[in-house]
Amino acid sequence: MSHEHVSNTKRIWFVFALLSVVTIVEVILGIYKPAVFHLNHFLGMNLLNWIFYILTVFKAYYIVWAFMHLEGEKSSLRWSIVLPIVFLILYILFILLTEGDYIYGVFKDSTIKWNF
Amino acid sequence: MKATVTTANSEEKTWGGGNEPMGASYGKLMMWFFIMSDALTFSGFLAAYGFSRFKFIETWPLADEVFNHFPFMHGVDAPMYYVALMTFILIFSSVTMVLAVDAGHQMKKNKVVVYMFLTIIGGLIFVGSQAWEWKNFIKGQYGAIETTGGSLLQFVDKDGKRVALADFAATLHEERSQLKRSDATWFMSESSLPSYSVAEVQAGFKAHLELLIRTEVIYEGSAEEAKNSTINHDLSKVKFKTVLTREESELRLAQAAHVVEGANLIRNEYGNKLFADFFFFITGFHGFHVFSGVIINIIIFFNVLLGTYERRGSYEMVEKVGLYWHFVDLVWVFVFTVFYLV
């Protein structure tokens with residue numbers, strides 16, 4: 001068990017500082033929307049959104065690892081939590097986003113105008 | 001009390017119970033089970049949001065035009081500051097929670113009390129902020145027109161700045177009656193009449209020659225669009241909403257069907273109808289999680305005060321509610337990105 005009763009306060013404040021800085025960076029990017037990132041695309045999504053998603057996953061990692069203290073759990077517990085979640089989320093995102101994009105194409109290229 | 005305390009006696013009786021192959025107690029493992037299923041629920045919601053957004057990718061509202069209020073700064077365009085503050089508050093309450101867990105490991109009751117209290121306060125401020133955000137969203141700021149075809153028209157001046165209906169709508173002395181359930185043919189009614197009628201907005205638009213209409217469509221600056229003479233190319237910015245020429249604006253406004261003010265589950269002045277539905281549903285569901293988290297935290301807080309865990313010899317209960325509280329924070333990180341940033 002991870003209950004060796006040592007205080008983690010230093011790490012906690014470090015993670016807090018890190019998460020705050022990342023949030024501030026996100027907000028600044030969101031307000032100014034630098035054209036370099038905003039107008040250039042990679043795999044159908046603009047670079048700004050890629051940055052936002054990467055920073056989000058970065059924050060999520062620190063919340064789960066440091067605050068929820070998965071880093072101190074046995075690796076069997078760690079992976080039985082992380083793997084199914086990651087796999088299922090990627091799966092549902094892939095299916096729904098592909099399908100959404102397909103329906104967008106149907107609306108755009110056919111005679112259906114609107115709207116449900 | 002023994003059952004609630006983590007006991008590591010895996011030496012003997014592998015099949016006799018009391019054995020923890022993952023090194024986590026029953027309660028903690030079940031909290032993880034719950035968190036996993038809840039995480040999948042939320043990802044289902046967010047994926048559905050992504051689906052609808054991809055479906056209407058050319059007309060989806062832009063977040064920084066919708067959420068631009070800040071307390072005590074009336075009329076100032078402050079995109080995202082407020083929601084950044086909310087995010088910060090929630091992260092901070094997560095920090096005080098993990099400090100409470102940490103103090104619990106060292107059996108320092110007074111520290112646990114203080115940190116739990118701060119966590120509860122942070123949670124309450126967050127829920128209150130969300131209520132304020134909803135209030136602004138529901139009330140709206142500018143108002144818009146929905147056409148018979150179901151698309152949404154907003155109004156801008158010659159500089160491309162948004163104009164509220166109240167600033168130009170004419171006052172026609174006409175009788176408008178609210179549709180009541182008792183007057184309706186089928187189960188129909190309307191909750192309230194908008195401040196202006198369609199005719200008043202149309203008359204006001206005719207009288208103010210400098211006004212233009214902004215559509216939902218996001219301007220891409222493509223060659224095809226450059227040839228389109230109905231678009232005002234000076235005011236339309238790439239990746240922002242398309243502004244029409246005056247002639248085209250008049251044509252579009254002739255098809256007006258409804259005056260839309262603020263947001264409800266049927267239509268909203270920001271754009272796509274589904275946008276408000278998803279906003280209400282997902283932030284509402286998250287807000288409900290925060291609310292129930294606060295309630296659970298209060299219960300545990302009183303248990304700490306009463307010395308329940310001191311007597312039990314373990315503050316693991318604080319750790320378990322801590323897991324839930326961090327999860328709520330984790331979900332917010334994603335909601336924040338998906339609704340406000342992207």
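Predicted model: local features only at pLDDT ≥ 70, side-chain atom pairs only at ≥ 80, totals over all residues.
Two residues are taken to be in contact if their C-beta atoms, placed from the backbone, lie within 7 Å.

Chain B holds an open sheet of 5 strands in the order β4-β3-β2-β1-β5, with antiparallel pairing. The strands β4 (241–243) and β5 (256–260) of chain B are at the edges; each has a single partner strand, so one side of each has no neighbour in the sheet. On average, and with direction ignored, neighbouring strands are turned by 35 degrees against each other.

Helix α7 (residues 246–253) of chain B lies across β1, β2 (152–156), β3 and β5 of that chain, and its direction makes an angle of about 80 degrees with β3(B). Helix α5 (residues 198–207) of chain B lies across β1 (144–147) and β5 of chain B, and runs at about 95 degrees to β5(B).

The next step is the interface between the chains. Here 46 residues of chain B are in contact with 48 residues of chain A. On the chain B side, the elements that give two or more residues are α1 (26–55), α3 (81–105) and α10 (316–341). The largest share, 13 residues, comes from α1(B). Sorted by class, the chain B side that touches chain A has 27 nonpolar, 14 polar and 5 charged residues.

Within chain A, helix α4 (residues 75–109) packs against α1(B) at an angle of about 15 degrees, and the two axes are 8 Å apart. Angles under 35 degrees count as roughly parallel, so α4(A) is roughly parallel to α1(B). The crossing of α4(A) past α1(B) is right-handed. The residues of this helix contact comprise 19 nonpolar, 5 polar and 3 charged.

Chain A also carries annotation from a record. An unreviewed UniProt entry places the feature "transmembrane region" at residues 12–32, 47–67 and 79–97 of chain A. In the model, residues 12–32 of chain A are 100% helix and 0% strand, with the end C-alpha atoms 31 Å apart. Residues 79–97 of chain A are likewise 100% helix and 0% strand, and their end C-alpha atoms are 26 Å apart.

Definitions and conventions: Residues numbered from 1 in each chain as written. Chains lettered and ligands numbered in written order. Helix = DSSP H or I, 4+ residues; strand = E, 2+ residues; numbered from the N terminus. Nonpolar A, V, L, I, M, F, W, Y, C, P; charged D, E, K, R; others polar. Pairing = 2+ DSSP bridges. Axes fitted to C-alpha atoms, helices over the stretch in contact; angles between N-to-C directions. Parallel < 35°, antiparallel > 145°, perpendicular 65-115°, else oblique. Left-handed = near helix turned anticlockwise from the far one by under 90°. UniProt positions renumbered as here; feature names shortened; annotations may be inferred.
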